[in-house]
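Q: Could we go through this model together? I would like to begin with the sheet and then move on to the helices and the core.

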Amino acid sequence: MENQSVARPDSSVIEAALLRLIAERGPGKTVDPAEAARALGGDHPDQWGPLMQPIRRIAVALAEQGRLVILRKGKPVDPRDFKGVYRLTAPRQD
């Protein structure tokens, strides 16, 4: 049988998924990046796990553009200088 690996989504697909999940969640709510990975890759860790780094890179780029906010322990962080577990939310509109 041939290799059955699923093609990785490109950056525009990942970006759209992140922004859609954040919009669906609503103001003041957060999204776990693994949710986006599962939505794009499937439920098995071998499918969604490899998407975590591309999702992080795209989340950083979107945060730098002001299109989302990266939170760590509930507080906004510098998109270029954070480590560990993080969540994503929409920027405040006030």
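Predicted model: local features only at pLDDT ≥ 70, side-chain atom pairs only at ≥ 80, totals over all residues.

Q: Understood. How many strands form the sheet, and in what order?
A: The sheet is open and has four strands, in the order β1-β4-β2-β3, with antiparallel pairing.

Q: Which strands stand at the edges?
A: Those are β1 (30-31) and β3 (75-76). Each has a single partner strand, so one side of each lacks a neighbour in the sheet.

Q: And how many bridges are there between β2 and β4?
A: Three bridges join β2 to β4 (residues 87-89), in the antiparallel sense.

Q: Let us take V69. Where does it lie?
A: V69 is part of strand β2, which covers residues 69-72. Opposite V69 stands T89 of β4.

Q: Why does V69 count as partly exposed rather than buried?
A: Its relative accessibility is 22%, and buried would require a value under 20%.

Q: What is V69 in contact with, leaving aside its neighbours within four places in sequence?
A: On that basis, V69 is in contact with P76, R87, L88, T89, A90 and P91.

Q: How far apart are V69 and G84 in space?
A: Their C-alpha atoms are 15 Å apart, and in sequence the two are 15 residues apart.

Q: Changing topic: at what angle do α1 and α2 pack?
A: The angle is about 120 degrees, and the axes are 10 Å apart. That angle makes α1 oblique to α2.

Q: Is the crossing left-handed or right-handed?
A: The crossing of α1 and α2 is right-handed.

Q: Which residues make the contact?
A: From α1 they are V13, I14, A17, L18, L21 and R25. From α2 they are E35, A36 and L40.

Q: Now the core. How many residues are in the largest nonpolar one?
A: The largest nonpolar core has 21 residues. Those with the most contacts inside it are L18, I55, L68, I70, Y86 and L88.

Q: Which elements give two or more residues to this core?
A: They are α1 (11-25), α2 (33-41) and α4 (52-64). The most come from α4, which gives six residues.

Q: One last point: what is L68 in contact with, again leaving aside its neighbours within four places in sequence?
A: L68 is in contact with I22, A59, L62, A63, L88, T89 and P91.

Technical notes
Residues numbered from 1 in each chain as written. Heavy atoms only, no water. Core = buried A, V, L, I, M, F, W, Y, C linked by side-chain atoms within 4.5 Å. Buried < 20%, exposed > 50% of the residue type's maximum accessible area, 1.4 Å probe, protein only. Contact = heavy atoms within 4.5 Å. Pairing = 2+ DSSP bridges. Axes fitted to C-alpha atoms, helices over the stretch in contact; angles between N-to-C directions. Parallel < 35°, antiparallel > 145°, perpendicular 65-115°, else oblique. Left-handed = near helix turned anticlockwise from the far one by under 90°.
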